[in-house]
Amino acid sequence: MRRFQNRHIIAMLVLLFFAPGCRVNPATGQKQLVVISEKQEIAIGRQAAGGLEKHFDGKVSNTQLQEYVRSVGGKVAKAADRKMPYEFTLLASDVPNAFALPGGKVYITAGLMKKMENERQLAAVLGHEIGHVCALHNVHAMQRQWGAKILLKLAQYALEGEYASAAQTATEYSTKFLNLRYSRKDEYQADELGIRYMSRAGYNPCGMIELMEILLKQGKGKEKGKESSFFELFQSHPLTRKRIEQVREHISLNYHQHLPPRPDPHADRYLKMRLLLTATLKGEKL
Ligand SMILES: [Zn+2]
């Protein structure tokens, strides 16, 4: 009887491991149940993109700025644990924010870019978002909050491109994404993955601490209730002193060769782009 039970358990485990949708997460090494395929994940992100871009005032029109964000993001993405069709876009909204869609579309707003001071801080934001994509946090958030059944249905629609034609449905579709929330654990993990990828790409990971210090200072002056629109990192898991200390400790334990940090050698390049951004938004030419 016992032998039968053992065999039964082993058979169940084998089944679980090889069942469709059970994948090893490339960033975390953990086995996870994922109800949609990678192809469906990419299709969902593409379907949601248009509506979300519109929500954040569309893309910044200057091609030099888009190219800059793309080149920094591209360097960090090359160092990521999951190969996806990553795309990086600068949106015109003045509300500081950054987010990633399932499948690898990553966005940062002009409002956030204007607050940062150097290139490694930009690499930190984009690295954090790439971390969410690598660890499939947004796929898990969809599964958890919408349920597997609805997610599979949306994935099917996305693959068939049904939402593309209906503008109203497209808006509803992208609004669903604005309400997705990551868990506290997801945020810590995205911080650590972001640090891993940015440092592989040659950026000093202390850029993550600098970024968080800037955002924490900004957030403190905000009125209560207004913070929900402030930066993706803040929405699901407030940027607390404790979180920054955790990042600081992670860097001192694993990246001590980067300490103490020297000034970012690419700060000038970043500040030039920031000036260009301000001028572009005002409709001026530099
Ligand atoms: Zn995040």
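User: Which loop is L136 in?
Analyst: L136 sits in the loop between α5 (119–134) and α6 (137–146). Helices here are DSSP runs of H or I with at least four residues, numbered from the N terminus. This is a predicted model: local features need pLDDT of at least 70, side-chain atom pairs count only at pLDDT 80 or more, and totals for chains, interfaces and linings use all residues. Residues are numbered from 1 along each chain as its sequence is written.

User: OK, is L136 buried or exposed?
Analyst: L136 is buried, because 24 other C-beta atoms lie within 10 Å. The cut-offs: buried is 20 or more other C-beta atoms within 10 Å of a residue's own, exposed is 12 or fewer, and partly exposed is in between, with C-beta atoms placed from the backbone.

User: What about its backbone, what's the phi of L136?
Analyst: L136 has a positive phi of about 55°, although it is not a glycine. Most residues other than glycine have a negative phi.

User: And what's the phi of D57?
Analyst: D57 has a positive phi too, about 65°, and is not a glycine. D57 is in the loop between α2 (38–55) and α3 (63–78). D57 counts as partly exposed because it has 16 C-beta neighbours inside 10 Å.

User: Switching topic: where's the cis peptide bond?
Analyst: The cis bond joins L259 and P260, with omega about -15°. P260 lies in the loop between α12 (241–254) and α13 (267–281).

User: Last one: which helix holds E187?
Analyst: E187 is in α9 (residues 184–200). E187 is buried, since 23 other C-beta atoms are within 10 Å. The C-alpha atoms of E187 and H128 are 8.4 Å apart, with the two residues 59 apart along the chain.

Technical notes. Helices (H or I, at least four residues) and strands (E, at least two) are DSSP runs, numbered from the N terminus.
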